[in-house]
Amino acid sequence: MSLKPPAAYGTITTTNPAAAQTSKDLTFTCRANPQTSQPVYPARSYQSVYPTRRPWPELFSLTSFSVPYNYADAMARIKHNISYFRVNYAMAVLLIVFLSLLWHPVSMIVFLIVLVAWLALYFFRTGPVVLFNQSFDDRLVVVVLSLVTVVALVFTHVGLNVLVSLIVGVVVVGLHAAFRVTEDLFLDEETAAENGLVSVVANQPLRPTSYTRI
């Protein structure tokens, strides 16, 4: 009795469209730099953010004030509000300094001259401040203008008035920033990143991931 091997049957291959689509979606492509042989990732582009004055009713909305829960909450509010209302706060402090000079006409004239620099370089400018082909950050512009204002007024012998007005201005801004809630205030991505209000992980570029075919 002889045994014959079973007849060979053809192999039927089926393709799952969903699996093929998933495999297609998981394919990463990167282009190598011919000089460094390293993958080149798309560069991130940001839109320049210039000082923006917020509406004054938004600053003084009575329904947007509450007592902070603790010290950490107060500091978080101060940091967020200073980033959001920085132009309004600068105007408020300058107004307080100006009011302290009402009985000093020479100092008022000097202040008005310096105020022109504030208007041109900070409040009403539409582009970055560029000097010697180098652009300067808004915070640096504010610091330089503040120093110029204080020094110019001190030379008019109103140093005590300037000191008291600056202390009053800092207290007023600090109290407002601590009690103004921030749930309805939204910062743009670049401003939040500059002030450390967003996670660093979110700013990391997407890198190719190696995987093993099964």
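1. Basis. The structure is a predicted model, in which local features need pLDDT of at least 70 and side-chain atom pairs count only at pLDDT 80 or more, while totals for chains, interfaces and linings use all residues. Residues are numbered from 1 along each chain as its sequence is written, and side-chain values use heavy atoms, with hydrogens and water left out.

2. Salt bridges. Three salt bridges are found in the whole structure, the term denoting a side-chain nitrogen of Lys or Arg within 4 Å of a carboxyl oxygen of Asp or Glu. One of them joins Arg-77 to Asp-73, with 3.6 Å between the closest N and O atoms. Because these two residues lie four apart in helix H3 (residues 71–84), about one helical turn separates Arg-77 from Asp-73. Helices (H or I, at least four residues) and strands (E, at least two) are DSSP runs, numbered from the N terminus.

3. Burial of the charged pairs. Arg-77 and Asp-73 are both buried; buried means under 20% relative accessible area, exposed over 50% and partly exposed in between (1.4 Å probe, protein chains only). Asp-137 and Arg-139 also form a salt bridge, at 3.0 Å from N to O. Asp-137 has 32% relative accessibility and therefore counts as partly exposed, and Arg-139, at 47%, likewise counts as partly exposed.

4. Arg-125 forms a salt bridge with Asp-138, the closest N and O atoms being 1.9 Å apart. Arg-125 lies in the loop between helix H5 (105–123) and strand S3 (129–131), whereas Asp-138 is in helix H6 (residues 138–154), 13 residues apart. Both Arg-125 and Asp-138 are buried.

5. Aromatic pairs. The structure holds seven aromatic pairs, defined by ring centres of Phe, Tyr and Trp (its six-membered ring) within 6.5 Å; planes under 30 degrees apart count as stacked, over 60 as edge-to-face and the rest as tilted. The rings of Trp-118 and Phe-123 are stacked because their centres are 5.8 Å apart and their planes at 25 degrees. Tyr-122 and Phe-123 form an edge-to-face pair, at 5.3 Å centre to centre and 70 degrees between the planes.
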